[in-house]
Amino acid sequence: MASPLKSMLATLLLLAIALPDCQAKSKPSLLGKQAIHHAIGRHANHIELPKRHKPKFRPGPWMKAHATFYEGGSGTYGGACNYKDVAGEGYGMNTAALSSVLFKNGQACGACYEIKCADSPQWCKIGQSSLFVTATDHCPPNPSLPNDNGGWCNVPREHFDVAKPVFSQLAEYKAGIIPIHYRRVPCKKQGGIKFTILGNPWFYQVIVWNVKGAGDIVSVQVKGDDKLKWTQMERDWGATWKTSAILLGESLTFRVRASDKRYSTSWHVTPKNWQFGQTYEGKNFN
């Protein structure tokens, strides 16, 4: 009969032999991890990674500024943003030219604002409601005039030069200039984002318009269905973006990013035989 001490020693010896084998089975080796990593890598382009949710654009805080009005028409109120016909493109006459501080070298093109006449009972329309406008133009500074007497759009003033046909919804024309309260609001549009392609076979311009949500675009990328990989476009001016990458002969996909950091990708919005001067419709922001 074996002694208790010998039995205990035998048990401990068996445990010592089995333990490394159990650990090896329960914990993958470095080589195993590398094999898994390479297997995932080979199929990564077939895996849809989860997208981080970003909330929809919401109205911003109320701010103080001033507003005037300027003459023009449907074909001119979109000047500095390169919108060709504000009425035909769905903006109507509810447009405004922004001072440089707000215009931001064209980044504000397409942004939407709610404006209220404020602190001027002599000129504000009694019971007037808010005026909703889209930024479609630039109100240039006038350094020859003081900021508080004619140089309304000089830096650092925040100023709205409203299209004359709608200024009367805020105040009497004879007021000239009025104090206002304003805030950013979501843009409401019908249909998808529009891409108007201009230029020539060696230089391409794309006007991006009819954008919902934040309305203003800070980045545009383009991709073809054949040779053209994802290519970052540069802002040419206003709502117009440019690239020298060859786009002809490709079905084009556009990815735009708004100022609220939300993306919208419009897959294959053009046929391979797209034409200069044509407008194509893509996916809008929800």
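Visitor: Which cysteine is joined to C81 by a disulfide?

Guide: Bear in mind that this is a predicted model. A pair of cysteine sulfur atoms counts as a disulfide within 2.5 Å. Here the S to S distance is 2.0 Å, and the partner of C81 is C109.

Visitor: How many residues apart in sequence are the parts that the disulfide of C81 and C109 ties together?

Guide: Look at where the two ends sit: C81 is in the loop between β1 (63-70) and β2 (95-98). C109 is in the loop between α3 (100-103) and β3 (112-117), so the tied parts are apart in sequence by 28 residues.

Visitor: Is C81 buried or exposed?

Guide: The cut-off for buried is under 20% relative accessible area. C81 comes out at 0%, so call C81 buried.

Visitor: What is the handedness of the disulfide of C117 and C124, left-handed or right-handed?

Guide: Those two sulfur atoms are 2.0 Å apart, and both cysteines are buried. The torsion about the S-S bond is about -80 degrees, so this disulfide is left-handed.

Visitor: And where does C187 lie, the cysteine that forms a disulfide with C112?

Guide: The sulfur atoms of C112 and C187 are 2.1 Å apart, and with 120 degrees about the S-S bond their link is right-handed. C112 lies in strand β3, and the pair ties together parts 75 residues apart in sequence, so look well along the chain for C187: the loop between β6 (178-185) and β7 (194-200).

Visitor: What pattern do the disulfides of the chain follow?

Guide: The whole structure holds 4 disulfides. Counting bonded cysteines along the chain, the pattern is 1-2, 3-8, 4-5, 6-7.

Note on methods:
Residues are numbered from 1 along each chain as its sequence is written. This is a predicted model: local features need pLDDT of at least 70, side-chain atom pairs count only at pLDDT 80 or more; totals for chains, interfaces and linings use all residues. Side-chain values use heavy atoms; hydrogens and water are left out. Helices (H or I, at least four residues) and strands (E, at least two) are DSSP runs, numbered from the N terminus. Buried means under 20% relative accessible area, exposed over 50%, partly exposed in between (1.4 Å probe, protein chains only).
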